[in-house]
Structures are given as C-alpha cells and as structure tokens.
Amino acid sequence: MAEVTTLQRAIEELVRDGDTVALEGFTHLIPNAAGHELIRRERRDLTLVRMTPDLVCDQLIGVGCARKLVFSWGGNPGVGSLHRLRDAVEQGWPAPLELEEHSHAGMAAAYAAGAANLPFGVLRGYAGTDLARRTRVEWVTCPFTGEKLAAVPALRPDVGIVHAQQADRRGNIQLWGISGVQKETVLASSRSLVTVEELVDELKPRPGGIVLPGWAVDAVAVVPGGAHPSYAQGYYDRDNAFYAAWDPISRDRERFADWMRRHVVETADAAEYRERLAETARAGAVA
Amino acid sequence: MTDYTPSEMMAVAASRRLADGMTCFVGIGLPSTAANLARRTHAPDCVLVYESGTIGAKPVHLPLSIGDGELAETADAVVSVPEIFGYWLQGGRIDVGFLGAAQIDRFGNLNSTVIGDYDSPGVRLPGAGGAPEIAASCKQTFVMLPQSPRTFVPRLDFRTTVGFGDGPGSREALGFTGAGTTAVVTDLGVLEPDPETCELVLATLHPGVSVDDARAATGWELEVAEDVGTCEPPTDDELEALRSLRTIEEAVKA
C-alpha cells in the first residue's frame, strides 16, 4: 500500500546516492518538483533515466547530481539546446557525464520489458545506424521467422518517479491526457514515487484515464503545481514562456547557479519555489 | 502576388506533398508547420500523429512541443509512448514520416546526434528521438532542412537515421518496410532519390533559384534531373494560411 507522505520524506527514504532514478512524463506531467527535491537533498552520482531529459535533467546535471544519463532525445522542445547537458558533455562541467542513448522506440520497448519483468525488449530498429555502436543493443533472430531484430536490455530503475493529477487517501493514482511511459516507469522500478496535483476522496474515472492501484506504488506526495513548467491537463497549461526563458538562464554557468540557488536550493519546497518565481516575475524578468 | 520568403516557399512546397487523408507522423518545427498548413489548405483530412501518442491531433495553434495540451485535447485518440511506436508506427499504419535533421548525405541518411567526434563533440545535438524508427517503418519519409554545405555533407558525422544507407539494397538488407526518403524539401528546391542509384537528385527549384545555387549549397557533386522543374510559387491562400499559423504565445502577443 502506498504511503501518502511529504515529498521531502519520500525522497529522503526512497532515493540514495548512486541510484538509478527514472523521472518520466512525456512533455506532460514532468515531475519537476521531485527533481528540485533531489537537488535540495543533495543526491549525488545518480544515473538519470529519462526519454526526453528536458529542464528537469538540465538542472540536475548542472548542479552536479548526475554521473550518467540514459535518454533518447535531449533538447529544450521547440526552443533549442539543453545548455547544462551540453556543457557537461562538451566541456565536462561541472563533471563529466556518461551517456547511454537510445531512440524513443528503443527506450519505450526497454521500459515495457522492465514492467513485464522480461530481460529485453524487441523491436525493428537501430539497424544501419551509428547508434547501434554507441548504445546497449544486440541482435536476436526470431525463432519463428528467422527475422533479425534489435534487442534492448530492460530498464529496471532503482526508483521511478512520475507526476499525476490525482490520488485518493489509499494511494490509488489516476492520470489522464498524454500518458507517455508513466505506467511502465512505475511498474519497471524497484521503488516508486508519484507526486500528484490533488488528493481526492474518490477517484472518478476519466475518459482515457490510467489508474495505478495504490499497492503498486511505494509513496505518494501531494505537490500542487509539481509539474511546472510542464503541465497537468485539467489543472494548468504548459508554461511555454518559461521554457523559452530557460535558454538564456541555462546558457551561462553563473547565471544558472544563481537562478538555482534563489529558486530551488534556498527554497523549502515547491510552494516556496512558486512564490519565488512569482517574485522574480514581478521584478521584471520572466524567470 | 504577395512577396514571400525562402522559408515560406519551403513550408508550402513541403505541405503540397501531403495528400488529403494521409496519415503523417510529424516531428516538431518545420515539419509540424508544413503538416498543419496542409491540413488548413488542400488536405483537411490529413491525420497528424505526434510521438507523444496523440493520433489525429487538430491543433488550432501551432504546438511548441510535440506534447502540448492542445494536441491531446483535439486528438481522436491518445495512446502511450510504447503503443504509438509499437502498434501504430512499427505496425505499419503510417503513410508519411516527416523529419528534420542537422545533416543529410547523398543517400538521404540523417544526423541529429552530434557535430564532430562522438566522444569529444563540437556540438552535442539532441539525439535520435523518434527519427530512426519513423524512417524505418513509415511508408515513405519526407525531410525538411535548409540547404548549405554545412547541412548537405559528403559524410555524416554520425548516422542517426537511415535513408538509403549505403545505396541500392541497403534498406532491404536491414529489414526496413518503408520506401525511405522520397523527398527532401529545402529552401532552394526539392530533391528526390534516383530509383536506380538511390542518390538524391535535384528535382525542382523554387522560383528565382538556379541550378548553380543548389550545387553551391551542396557538399557533394549534386545530380540534377534532366527535366528539372520550377515549383509554383505560394498562392495567396497558402501564404495567408501559413501566416495565420501561430503558437499560442504568438497569438496572445498579437
């Protein structure tokens, strides 16, 4: 049964230095508040697993929490580069970052295999590309047709973290809209944390909604606004202006460090982060 | 007739390649603009599929990301990421994959991973995303990128995505089901593969562009079709539709 707890306590108990931590949410429902808490709790040597690293990984990499990144597309969607990711890869700052990169299809198959407790996922992919030489992929022959197919090792993170819209008091989760690999991440991971927008007395089924029963989740933390600058359908929109504003903030090491100190390191929690963001906005800058 | 820019000509030329009713797996940026333009002009029933799992999205505004809320809210169906790549793409249900890239070679192979050496990169690019399997499994692939010696290179720094691989027979040997890169739309014209050699050949030029311009912007010795044609300039209707396509931020500012 999931424990309904605070984000601080959940991170403290579930995530250790050196862990492999998956943070998922495909554009939608990105667990940014949980990423901030990993930074506040000074977790180190993490292997981050995320299909689209996005701002949450840019921040974790830039402050030095990560040793390795497993990913399939590392950009700021619609804006450009992830400058902290690039700085780590191109200049080794603040520390060298080991990369294990996949295609989306390969990584999705690896999560699905992990959730199904299979050793590998199988797909028609990677063949003929240079990716095949740079990532963990092998070739298997179909025992029925003889077709050669790509095999990717199952993803089995130590901790899987996702954000969702709602939980009830027993820790049952419901999420809807773009669902990415949320379900696979929780089911593939040894331990799991779901942050939610809202605790409700009763989960009312939604069209296209995904329910994760509380007994399949370790911890649930209520964090309103916990996906910002990503979005939670039915609650708030994607803060596209913030994604654009992140480009100049993250381009410069010092400006990035100042921003992180002011908005994340020196704030107590997600609520204070939002207050600080609002103050910064009132002072004239977008972020 | 209204004046237009080379990038507007590029978007219009690409959109015209999409027929009504086609299912199209759309990358963000130029491909998304061209596909949404097609849906607002000659192909209202073109089915837009985004890798976020949104099938049949009908956004009013141009999405900034492949997962904007508007895509999910207007879609016929929203499925998980393993499902969109497994059942829909690999399942062979998509007519056209629509991609961008940082580099392309004469066989329509694409690089979106790195400029320079992989281990000590000059520029680290975002990486593969959906591209390798989109190009493997869609019935055909359209590519959009501006044409210059930096983007049209004799040798890719990294082969992220296979067009025709090393030439004739490569796709078949790799087990790919789709036809490969059938059109490359640039700011200068459109290239199509030679059916025998699989090499990209200049097929049409945009108005005002010469064969020499296209050759000078290509990092290999560009083949030119004997009957190289000139693309029809954008119509007023196309330009009006294209210029009305805005992200929600641009719409709010306007």
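What share of contacts in chain A between residues at least 6 apart in sequence join residues at least 24 apart? The share is 74%, where a contact means C-beta atoms, placed from the backbone, within 7 Å. This is a predicted model: local features need pLDDT of at least 70, side-chain atom pairs count only at pLDDT 80 or more, and totals for chains, interfaces and linings use all residues. Residues are numbered from 1 along each chain as its sequence is written, while chains are lettered from A and ligands numbered from 1 in the order in which they are written.

**View 1. Chain A overall.** Chain A has 10 helices and 15 strands. These are DSSP runs, numbered from the N terminus: helices are H or I with at least four residues, strands E with at least two. The C-alpha atoms fill a box of roughly 65 × 50 × 30 Å along the principal axes. The radius of gyration of chain A is 19 Å, which agrees with the value near 19 Å for a compact globule of 287 residues. That radius is taken over C-alpha atoms, and the globule rule is 2.2 Å times the number of residues to the power 0.38. Buried residues (20 or more other C-beta atoms within 10 Å of their own, all placed from the backbone) make up 54% of chain A.

**View 2. Strand β2 of chain A and its partners.** β2(A), residues 20-23, pairs in the parallel sense with β3(A), residues 46-49, over three bridges. Pairing requires at least two DSSP bridges between the strands. A:Val21 has A:Leu48 of β3(A) as its bridge partner. The chain crosses from β2(A) to β3(A) through α2(A), residues 32-40, in a right-handed β-α-β crossover. Right-handed means that, with the strands pointing away from the viewer, the path from the first strand over the helix to the second runs clockwise. β2(A) also pairs in the parallel sense with β11(A), residues 159-168, over three bridges. Here A:Leu23 is bridged to A:Ile161.

**View 3. Two domains of chain A.** The assignment, automatic or from a database, gives domain 1 (3-102 + 157-282) and domain 2 (104-153). Their C-alpha centres lie 27 Å apart. The contact takes 11 residues from domain 1 and 14 residues from domain 2. On the domain 1 side, α7(A) gives the largest share, four residues.

**View 4. Chain A against chain B.** In this interface, 47 residues of chain A contact 40 residues of chain B. α5(A) gives the most to the chain A side, with six residues.

Terms used. Contact = placed C-beta atoms within 7 Å. Buried ≥ 20, exposed ≤ 12 C-beta atoms within 10 Å, placed from the backbone.
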